[in-house]
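Thanks for asking me to look this one over. Here is the model again, so that we have it in view together.

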Amino acid sequence: MKLAWLRSLETSHQDCVWACTWVPATDRSPGLLLTGSLDETVKLWNTDDLSLVRTNTGHCLGVISVAAHPSGKIAASASMDSFIRVFDVESNNTIATLEAPPSEVWHMQFDPRGTTLAVAGGSSASVKLWDTAEWKLVSTLSIPRPEGSKPSDKGNNKKFVLSVAWSPSGRQLACGSMDGSISLFDVHRAKFLHHLEGHTMPVRSLAYSPLDPRVLVSGSDDECIHMYDAEGKTLFSSMSGHSSWVLSVDVSPDGAAIASGSSDRTVRLWDPKMRAAVQTMTNHTDQVWGVKFEAVGGGVRGSLLASVSDDKSISLYNYS
């Protein structure tokens, strides 16, 4: 496994870039890279040369999360202005505007079928589920208070939700919290299943393995990357090597590698079997907020990895 740097765009936005994801190809459009920035804009990029395809505006504060529908036809952006904007990828037209209380949106992701948008619920200690047919709030998954706590306790603030990830089947949802815990839900039954423990600081990023639905990967401010058996409730691997917060993690399409972005300004490629980093990329000059793999041409080999940073840049790498 290896990353090969392809290209970078140094000033992709006018401010820090905090979010990125891939928009799947459609019968009318190739796959695109979607980025969100503190400059209040969302941009779509051609992956061949990182040329700008179009810019989406409308937020009045920084964009902190972006999500792409599996159809490749719509996408969503979440901002510190307390709104989620859903838009048509091809026309850039706004489809829906979802309102959330201040600090209630930190990360979001469409389920694999595209029927539901999960939104990490910030200080409400919950994940909100939006139906994508009518854009209505259909469920709120609340994280239970710690055992023995009282309703008046302020400890639940530590459950501030920072990250969310769907299992490949769409049956389960994982969310990471400020206190280092990870909560698992059965979505169809709207039922809390269990916590996954092991991190000692905020869990900022989660990703399931695309090949093994039991494997959940997490990145935390404790500088560690964990691998869990999400169903068996066990932590079976822990990897360390970053010298600062792990801000983003993703699993390669072939399931054989993990990428991470960190406040230490590096992107690292990890071999889960060796439990070690096998490569460190140092082309960013500030903390790396997002890393995201995408399979090219529907295969698992010849994949791309994108990374975005506070240095306003985007970098693309080939993974093989």
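My notes follow as numbered points.

1. First, the ground rules. This is a predicted model, so to speak of local features we need pLDDT of at least 70, side-chain atom pairs count only at pLDDT 80 or more, and totals for chains, interfaces and linings use all residues. Residues are numbered from 1 along each chain as its sequence is written, and side-chain values use heavy atoms, with hydrogens and water left out.

2. Start with strand E19, residues 215-220. Strands (E, at least two residues) and helices (H or I, at least four) are DSSP runs numbered from the N terminus. Six of the six residues of E19 are buried, so the strand is largely enclosed by the rest of the structure. Buried here means under 20% relative accessible area, exposed over 50%, and partly exposed in between (1.4 Å probe, protein chains only).

3. In a regular strand the side chains alternate between the two faces of the sheet. Both faces of E19 are covered: Val215, Val217 and Gly219 are buried on one side, and Leu216, Ser218 and Ser220 on the other.

4. Now the neighbours of E19. Two strands pair if DSSP finds at least two bridges between them. Strand E18 (residues 203-208) pairs with E19 in the antiparallel sense over five bridges, with Ser205 bridged to Gly219, and a hairpin of six residues joins E18 to E19.

5. E19 also pairs with strand E20 (residues 224-229), again antiparallel and over five bridges. Val217 has Met227 as its bridge partner in E20. Three residues lie between E19 and E20 in this hairpin, and Glu223 in the turn has a positive phi of about 75°.

6. Elsewhere, four strands make an open sheet in the order E1-E28-E27-E26, with antiparallel pairing. Its edge strands are E1 (3-9) and E26 (288-294), each of which pairs on one side only. Six bridges join E1 to E28 (residues 314-319), and Leu3 is partnered by Tyr319.

7. Last, the aromatics: there are four pairs in the structure. Rings of Phe, Tyr and Trp (its six-membered ring) pair if their centres lie within 6.5 Å; planes under 30 degrees apart count as stacked, over 60 as edge-to-face and the rest as tilted. Trp18 and Trp289 have ring centres 4.5 Å apart and planes at 35°, so this pair is tilted. The pair links distant parts of the chain, with Trp18 in strand E2 (residues 17-23) and Trp289 in E26, 271 residues apart. Trp289 counts as buried at 16% relative accessibility.

8. Phe185 and Phe192 have centres 5.7 Å apart and planes at 70°, so they are edge-to-face. Phe185 is buried at 2%, whereas Phe192 is partly exposed at 24%.
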